[in-house]
Amino acid sequence: MLRHVVVVGASAAGLSAAESLRSKGYDGKLTLIGEEPHPPYDRPPLTKQVLSGVWEPERVVLRDQTAISKLDADVRLGQTAVGLDVSQRTLRLGPRTAGPDPARREPQSGQAGTGVEQLAFDGLVIATGVRARRLPGSELAGVHTVRTLDDALALRSALLSGPRVVVVGAGFLGTEVAAAARGLGLDVTLVDPGPAPLQRQFGVRVADLVAQTHSDHGVRLRMNSGVTRFVSTEGRVTGVELTDRTVLAADVVVVAIGAVPATEWLADSRLPIGDGLECDATCRAAPGIYAAGDVASWYNPRFDRRMRVEHRLNATEQGSAVAANLLGADQPFAPVPYFWSDQYDVRLQAYGIFPRDATTTVVHGDPSDRRFAVAYVENGTVVGVLGWNCPPRDLRALRQLVADRAPDLVGR
Amino acid sequence: MKVFVDQDRCVASGQCVFAADGVFDQRDEDGIAVVLDDSPPDDRRAEVQDAAAGCPAVAITVEG
Ligand SMILES: Cc1cc2nc3c(=O)[nH]c(=O)nc-3n(C[C@H](O)[C@H](O)[C@H](O)COP(=O)(O)OP(=O)(O)OC[C@H]3O[C@@H](n4cnc5c(N)ncnc54)[C@H](O)[C@@H]3O)c2cc1C
Ligand code: SF4
């Protein structure tokens, strides 16, 4: 019998796990610990509606106060888990730095003086997500990353002064930031060591079209270019030096070069850490200890491989799956990953996985019409489908090919 | 039970249609969700609640 479940990480995955525990009937003690001072909020709008100013930042909140109270959980915001003892089944928590109730800020138990609190659990969900990867020089004024609401608000206010913007990294975040900054009418350069934006994610065919779309909207592309350093004056960034020694003048630099799983606090736990916290097919890292969301690496039987997915829907689905497994379902988690990205008037939607050596076939529409879908085939089976403004009915049917691992479509 | 979709939040994922086809559909032109049946029969409650819980944009509300 579980009597105390602790969820570490109070964002999409952690909230989903906590709510699913309750909706599946768990009525024991529940604690939700989140390092950020904000109540759980949604990240995808940060580089879309928040940067562009279409939404007031309050709209990113995931649940209102009533829904949070319904969880009947001890929600501790502004508190960081700093260590885990698997055999003793205790967490070490840092001092609470924020929260609605100041009286709770003092550690209630644990070692006096160190500010570290011990918290015992018998079930644990690790949902600490990822942190933005940084470059040397990130401490300079004008250099930004976008992972948190605070990051997005800081970047938004920097963009309002009409700066020249250099975006480093042409993945999802970088391309979305470039699109949002162009939407604000700014001078934007997108830099990446790869040959085209999103090429690492979706291959040449789609990447060339992404490149075209960004140039059409006035983004300057500096592909095949690494960054050697930031140029600065008096602690403020003034430019970005590229591998060919040219310097791009910049007032704002956005570093969007991927993220690293937030597992540093598990270093002494002896849990298996690789690219994320490594779990089995049920998302279990150790008895009674599960992981969900961006931090979790698990074996997905549907695709017969280990994966770690930084997608919004996965956070919800995996949170719910680990809640069920913690309560005894013991089912493998075998989703078809889903991801979307909005840039300008383009909505990219991706189901499945996109291995680098997959072959691609257009399976719907025509790329020249900017409304199409591409299937990704690996070893004779469809493993991924990418829709580019693809009509919903067609896209749902194509998803089924991935779910079924349908045979190769080439030549159909 | 009453079902609402906030079309401003919807990101056209189609998850609600997978969860509760017939209660939800998506517009052809942009994939934004529409509610086909805003007071579905009670035997669809579980599906509708799954749709709301599984919406990656938190765009679905169920009342009652
Ligand atoms: C700007 C942006 C845009 C995105 N756009 C899209 C999109 O369009 N489509 C899509 O599918 N996905 C998108 N994503 C990805 C999606 O937001 C993530 O997959 C999702 O947020 C993962 O949720 P999570 O709960 O696993 O992790 P996170 O949201 O990262 O949350 C983890 C939480 O744990 C906290 N934490 C970390 N360490 C500790 C600790 N030791 N103790 C306590 N708390 C801790 C963190 O502060 C954080 O609040 C986007 C992400 C970002 C950043
Ligand atoms: S699940 Fe949510 S985001 Fe997806 S189509 Fe339905 S309402 Fe829109």
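In this predicted model, strand β1 (residues 4-8) of chain A lies alongside strand β7 (residues 123-126) of chain A, and the two pair in the parallel sense over four bridges. One of the pairings can be picked out by residue: Val6(A) has Leu124(A) in β7(A) as its bridge partner. Both strands belong to an open sheet of six strands in chain A, ordered β3-β2-β1-β7-β21-β20, and the pairing in this sheet is mixed. The edges of the sheet are held by β3 (74-77) and β20 (284-286) of chain A; each has a single partner strand, so one side of each is left without a neighbour in the sheet. On average, and with direction ignored, neighbouring strands of this sheet are turned by 20 degrees against each other.

Chain A also contains an open sheet of five strands, which a reader can trace in the order β9-β16-β10-β11-β12, with parallel pairing. Here β9 (143-144) and β12 (220-222) of chain A stand at the edges, and because each has a single partner strand, one side of each is left without a neighbour in the sheet.

The largest cavity, with a volume of about 90 Å³, is the space taken by ligand 2. Its lining is made up of 15 residues, and those nearest the centre of the cavity are Cys10(B), Ser13(B), Cys16(B), Ala33(B) and Cys55(B). By class, the lining of the largest cavity comprises ten nonpolar and five polar residues, with no charged ones.

Cys10(B), Val11(B), Ala12(B), Ser13(B), Gly14(B), Gln15(B) and Cys16(B) are found around the ligand, together with Ala33(B), Cys55(B), Pro56(B), Ala57(B) and Ile60(B). This shell has nine nonpolar and three polar residues, and again no charged residue is present.

The second largest cavity holds about 70 Å³ of space. Residues of both chains line this cavity: chain A supplies Asp42(A), Pro44(A), Pro45(A), Lys48(A), Gln49(A), Trp55(A) and Trp340(A), while chain B supplies Arg9(B), Val11(B), Pro56(B) and Ala57(B). Seven of the lining residues of the second largest cavity are nonpolar, one is polar and three are charged. Val11(B), Pro56(B) and Ala57(B) are also among the residues around ligand 2.

Among the open spaces, the second largest pocket has about 1,600 Å³ of space. It is lined by 44 residues, of which Glu19(A), Arg63(A), Gln49(B), Ala52(B) and Ala53(B) are the closest to its centre. Helices α1 (12-23), α3 (65-70) and α7 (312-326) of chain A each give two or more residues to the lining of this pocket, as do α1 (15-19), α2 (45-54) and β4 (60-63) of chain B. The largest share, eight residues, comes from α2(B). Sorted by class, the lining of the second largest pocket has 21 nonpolar, eleven polar and twelve charged residues.

Definitions and conventions:
Residues numbered from 1 in each chain as written. Chains lettered and ligands numbered in written order. Predicted model: local features only at pLDDT ≥ 70, side-chain atom pairs only at ≥ 80, totals over all residues. Heavy atoms only, no water. Near = heavy atom within 4 Å. 1 Å grid on protein atoms, 1.4 Å probe; cavity = no way out; pocket = protein on both sides within 12 Å on 5 of 7 lines; lining within 4 Å. Sits in = over half its atoms within 2 Å of the grid points. Nonpolar A, V, L, I, M, F, W, Y, C, P; charged D, E, K, R; others polar. Points joined across faces, edges and corners; volume = space filled by probe spheres on them. Pairing = 2+ DSSP bridges. Axes fitted to C-alpha atoms, helices over the stretch in contact; angles between N-to-C directions.
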